[in-house]
Amino acid sequence: MQIGRRLYSLVLFFIVSAVGGLLVAGLAVPAAGALSLGAGALADTMATLPTELEESPQAERSKLLDADGNVIAWFYDENRQVVSLEDIAQVMQDAQVAIEDHRFFQHGAIDLTGTLRALLSTSQGVTQGGSSLTQQYVRLVLVEQAKKIGGVEGENARILATENTIARKVRELRYAIAVEKKFDKQTILENYLNIAYYGEGAYGVEAAAKHYFGVSAKDLSLAQAAMLAGLVQNPTRTSPNRHPEMAIERRNNVLDRMLELNLITSAEAAEAKATPWVAGQGQQAKNGCVNANDKNLAFICDYARRSFLTSSDVATTYTQREDLLLRGGVTIETKVNMKIQKKAQSTIAKLVAAKDKVISVITAIQPGTGMIVAMAQSRPKMGENVKKGETYKNYAAGTDMGGAEGFQAGSTFKMFVAAAALKEGFGLDTTYKVPRTIDFKGQTFTGCNGDFTIKKWKVTGSSGTYNLPSAVRHSVNGYFAMLEQAVGVCKSVRMADILGLSGANGETIEDITYGGEIASFTLGAVEISPLAMVTAYGTIAASGERCDPIIISAITTKDGRPITPPDAHCEQVIEKKLANTVAQLMINSFTGGGTSRHAQVPGVEMAGKTGTVDGNKAIWQVAMNPSLAMAAVISYDSDPLYADYWKPRKNNIQGAKVSGTGPYHYIQALSGRYAGGLLLKPVFAEAAKQISMKRFAKGDATLQKGETVSVPSCAGKSEAACRKALAKANFAVGTKDVDSDAPKGTWLGATSPSGKAQKGTMIFMLYSKGPKDTPTPTVPVPPAP
């Protein structure tokens, strides 16, 4: 046997040398050297394989899955699904071998007669068939490798692999011998059937069977197998969809060849030839997010694709990650719950249609992991025609992940001020008497770079006396403006940053607010993405553990090897007791007539906040449970296409027309009823059916009580000095007129309370009411005589 292999190699060498008239340097052994080489040495030389043939690389499509394992989308450069030989119908194997290399199982790497004929023709400048199936496989692998390389280098490699020269033939001969020495015939046939191109974007027999006939390769009939086998030689010219007559003629040629080789009977051939070609029976391969299996999942898909391509956890370079996605055949898993996702999408569609001039978004994540559970928007179709309701913007995400410019979030930001206050020792009983309108002009707030003075800011809202829980329940603007002044804007924006909030443009909240110098931060005066919002609220729901939002839960290669998915970088950013105390506080928004009451799902403990942006530009509802954090938003659409509509309305969504499938035709800027009751509640209720909801941990008694601290003495101080001292000690400052002999309006240099007080409470600077009027004695008037 060994002698036969050596003799075969020597014969091959001399045939090639004789026909070519020369030996191409580096591709064959010099003649003189061959005469001096032993047969074993020559055989070893011929058996050397390049890496690409050792590994038999074949580009394969990757798939993105939902939580139940259903395919969301496919990604590929070449539509290919690699299958084993046992999953390919025997008639397909027979048909391909019959038409391409009928002596494949009898000869070695080379069919000498055919190869000699082809070499002679090639030497005369004429392309002639005759390559063995193994040689064809070698050429296909080299072309595949050239595609993978890409660029100029890849194009040069492709030319080298396909040029009509003796050098290329010799190279193929050498590699074919090495391939047959390394792999058995069945493996070579399997690899060939998986790498061959069958036209119309179908690479490999499995993809081809599905594309043309809608079946797997293992279920191909004789007629189907013969047609596919006939495509390989010239897939464009014999395409059954484009040239059905030529495709049928080629199919029948394959059948005749199979009959000639006694692979089928005359009756079988006749029956197969009588089978008509039926266009449209195949499954059209879908590639990428625009062609997601469900059109409503395009932006879920796009977020996953971007996450994969931008994560260094997956692979070191972008090029490596892209190659893995488009050619690696990886399986990408997510935790997207389709029942929650579909409920979110249908709920939005009932209120807001894709062509409406308002935008609506619902997104949800799992606290403690950052895993995205659902992400829906009123324009779910990916495309550029805005008038048709298409968009390329993911309105749930930031601009770095294909998102829009974000939305202001109104009173949802009050939670960050409350969290900062509790951290600084302000207890739940921090109480302020709030007038309906507060003019902060000329007053001092504390930013990250020191104090700054308000030039113009009036806050209007509910009036009365409120503590922290009641202020949350009724979303009292004035209370939280006063609380922010006491605790400091800087500490409030830094709390937001710590919890995971960021601007839609990726900037920190501290940077966006110029170092905490925007006092209206507490009323949501920053553009953020819904995904950033649920991330921050999710941190509170997870007892202070912040996780970046992620969508990919697992990645595996086609051979089952795990690849590290993008990391959520989960980190404990605030103490558990603080987060739990904040969560318990925010439950008040859902109870006792709170503004979030319309979003309350029976039997589920929920915490969160409503938000209405100044001027009714957007309305929000945010809700959280230890098992889920969700946000729903409705906002005007800032696309320039709608500028003429929104400019005279000053971007006010109150009364804006909508055309969803439900009974509502106009938006009411009521965050609790519309964002909460109509949007968030039905989706959260569906989530409660799919996910086991939990209860929040108890709040910390010490934090709830707050700290008792000394009140600075204002004796002998000016009004300005006293106000500054009180503010520096984190007290809110009010004024009160009291009885005094001093003239009316005189600063008395005293406060109430004095001595000790709860941190953050309101300290009143005392002013004189003026001396009491002395009653004039009444002189009795004598009676008239």
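# Reading a predicted model, feature by feature

Me: At what distance from the ring centre of W74 does R61 lie over the face of the ring?

Reply: A charge sits over a ring if NZ of Lys or CZ of Arg is within 6 Å of the ring centre and within 35 degrees of the ring normal. R61 lies 3.5 Å from the ring centre of W74, over its face. K185 is placed over the face of F104, at 4.3 Å from the ring centre.

Me: What kind of model is this, and how are its residues numbered?

Reply: This is a predicted model in which local features need pLDDT of at least 70 and side-chain atom pairs count only at pLDDT 80 or more, while totals for chains, interfaces and linings use all residues. Residues are numbered from 1 along each chain as its sequence is written, and side-chain values use heavy atoms, with hydrogens and water left out.

Me: How many helices and strands does the protein have?

Reply: Helices (H or I, at least four residues) and strands (E, at least two) are DSSP runs, numbered from the N terminus. The protein has 28 helices and 23 strands.

Me: What share of the residues counts as buried?

Reply: Buried means under 20% relative accessible area, exposed over 50%, and partly exposed in between (1.4 Å probe, protein chains only). Of the 785 residues, 54% count as buried. Helix α21 (residues 489–499) has eight of its 11 residues buried, so this helix is largely enclosed by the rest of the structure. Among the buried residues of α21 are V489, C490, M495 and D497. G500 follows α21 and has a positive phi, near 115°.

Me: Which residues have the most contacts inside the largest nonpolar core?

Reply: In soluble globular proteins, nonpolar side chains tend to be buried together. A nonpolar core is a set of buried Ala, Val, Leu, Ile, Met, Phe, Trp, Tyr and Cys residues joined through side-chain atoms within 4.5 Å. The largest one here has 116 residues, and F308, F416, Y432, Y479, W620 and M624 have the most contacts inside it. A second, separate core of 52 residues includes A89, A217, V254 and A272.

Me: What does F308 touch?

Reply: Contact means heavy atoms within 4.5 Å. Leaving out residues up to four places away in sequence, F308 touches V314, R321, L324, L325, V330, I332, I552 and I555. Across the protein, residues 24 or more positions apart account for 70% of the contacts with a separation of 6 or more.

Me: How many aromatic pairs does the structure hold?

Reply: Rings of Phe, Tyr and Trp (its six-membered ring) pair if their centres lie within 6.5 Å; planes under 30 degrees apart count as stacked, over 60 as edge-to-face and the rest as tilted. The structure holds 17 aromatic pairs. F104 and F105 have ring centres 4.9 Å apart and planes at 70°, so the pair is edge-to-face. F104 is buried, at 0% relative accessible area, whereas F105 is partly exposed, at 41%.

Me: Why is the pair of F213 and W277 edge-to-face?

Reply: The ring centres of F213 and W277 are 5.8 Å apart and the planes stand at 80°, so the pair is edge-to-face. This pair links distant parts of the chain, 64 residues apart: F213 is in helix α11 (residues 205–213), and W277 is in the loop between α14 (266–273) and α15 (298–310). Both F213 and W277 are buried. Elsewhere, F413, F416, F521 and Y537 form one aromatic cluster.

Me: Which backbone oxygen does the side chain of N194 reach?

Reply: A polar contact is a pair of N or O atoms within 3.5 Å; within protein, one must be able to donate a hydrogen and the other to accept it, and residues adjacent in sequence count only if both atoms are side-chain atoms. The side chain of N194 reaches the backbone oxygen of V83 at 2.8 Å. N194 is in helix α10 (residues 185–195) and is buried, at 1% relative accessibility.

Me: Where is E60 found?

Reply: E60 is in the loop between α4 (51–55) and β1 (62–65). With a relative accessible area of 12%, E60 is buried. A polar atom of the E60 side chain lies 3.1 Å from the backbone nitrogen of V82. N191 in helix α10 and V82 are 109 residues apart in sequence, yet their C-alpha atoms are 8.5 Å apart.
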